[in-house]
Amino acid sequence: MSASSPPRIDLACAGASASIQPLGGELVAWQEAGSPPLLWHGDAAHWPHHAPILFPIVGHAANDVIRHDGIAYPTQRHGFTRTSLFTVASTAPDRVELVLRDTEEIKAIFPFAFVLRLAYRLGAAGLRLDLSLANPGTVPLPYATGFHPAFRWPFAGASQSGYRVVFEREEASSLIGGGPDGLIEREMRLSPLSGRTLSLTPERFEQGAIIFRDAKSRRLTFAAPDGSAIEMATDGFPHLALWTKTTAPFLCLEAWTGYSDPRGFTGNLTEKPSMRLLPPGQEATYGVDLTYRPPGSVL
């Protein structure tokens with residue numbers, strides 16, 4: 001892991017722009033032709049991140065440890081990726097590929113072989129992220145991964161009022177919920193959706209993230225009162241989540257393969273609910289498309 005990072009990589013295409021930093025392989029800026037800046041700028045007074053990549057866990061681990069073969073390894077929320085330095089594998093004016101591999105330093109906290117690749121591609125229709133995970137080792141690789149982009153709220157106008165998130169499909173009436181420490185509670189929460197729509201207010205997030213486990217929707221639309229919108233479409237991620245801090249001017253649209261430990265969980269990482277096991281020599285792929293719709297597009 002590293003506390004510093006080489007210069008960020010700037011992408012451009014058809015009037016759109018994006019920037020990615022090697023530290024964390026993180027998208028740190030995104031703006032489409034004719035749009036305002038869309039991605040949260042990472043003000044540390046609220047939340048110092050922009051769009052973290054989550055790996056090898058999503059959410060919290062009980063007592064901040066993961067266990068394997070009777071050994072407890074220290075971990076942090078969402079894993080170590082956002083504090084790890086990726087290698088830039090290739091660049092072009094509109095795209096970049098970054099790679100993170102296990103190192104001796106990483107093996108001290110996660111004793112598995114892996115190769116994590118991120119490919120960002122900026123096009124006239126939006127921004128694409130392809131995430132691939134390979135297991136070059138000899139034992140199954142337990143993992144969860146996710147994409148955690150934060151968008152400015154408001155991104156159009158000066159007020160947070162009148163914004164909403166529209167789901168592609170109607171979702172379940174009860175949702176899993178996290179406690180104040182981020183662990184998953186046994187009790188389910190009632191969904192705040194009205195049909196496919198969530199009317200946004202900061203108070204919606206007083207209990208933390210709103211988590212849609214095994215969501216039916218693959219697309220979310222974060223819509224402003226003027227009809228402009230940010231759309232996020234996902235490939236391969238079964239869980240969706242919305243999150244912000246109640247005093248912060250951003251909203252996260254999140255795509256996950258896993259989630260936090262259930263309260264009381266003390267098992268090995270391979271036994272944790274929602275973890276996946278990637279066989280030796282195999283690869284798993286996931287994708288996210290971000291698109292901006294101008295005013296009047298969504299009413």
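Tutor: The largest pocket of this predicted model holds about 450 Å³ of space. Its lining comprises 24 residues. Nearest the centre of this pocket lie His60, Arg77, Gly182, Ala209 and Trp243. Two strands each give at least two residues to the lining: β16 (184-190) and β22 (250-256). By class, the lining has eleven polar, seven nonpolar and six charged residues.

Next comes the second largest pocket, with a volume of about 170 Å³. Residues that line this pocket include Leu175 and Ile176, and β15 (174-178) is one of the strands that supply at least two lining residues. Arg189, Leu190 and Pro192 also line the second largest pocket, and β16 supplies at least two residues here as well. Glu203, Arg204, Glu206 and Gln207 belong to the lining too. Ala209, Ile210 and Ile211 complete the list, with β18 (210-212) again giving at least two residues. The class count is seven nonpolar, four charged and one polar.

The whole structure has one cavity of 30 Å³ or more. The space in the largest cavity is about 70 Å³. Its lining includes Ile57, Ala61, Val65, Ile66 and Arg67. Asp261, Phe265, Gly267, Asn268, Leu269 and Lys272 line the cavity as well. Six of the lining residues are nonpolar, three charged and two polar.

Conventions
Residues are numbered from 1 along each chain as its sequence is written. This is a predicted model: local features need pLDDT of at least 70, side-chain atom pairs count only at pLDDT 80 or more; totals for chains, interfaces and linings use all residues. Side-chain values use heavy atoms; hydrogens and water are left out. On a 1 Å grid over the protein atoms alone, a cavity is a set of points where a 1.4 Å probe fits but cannot get out, and a pocket is an open set with protein on both sides within 12 Å along at least five of seven lines; lining residues have an atom within 4 Å of a point. Grid points are joined across faces, edges and corners, and a volume is the space filled by probe spheres set on the points. Helices (H or I, at least four residues) and strands (E, at least two) are DSSP runs, numbered from the N terminus. Ala, Val, Leu, Ile, Met, Phe, Trp, Tyr, Cys and Pro count as nonpolar, Asp, Glu, Lys and Arg as charged, and the others, Gly among them, as polar.
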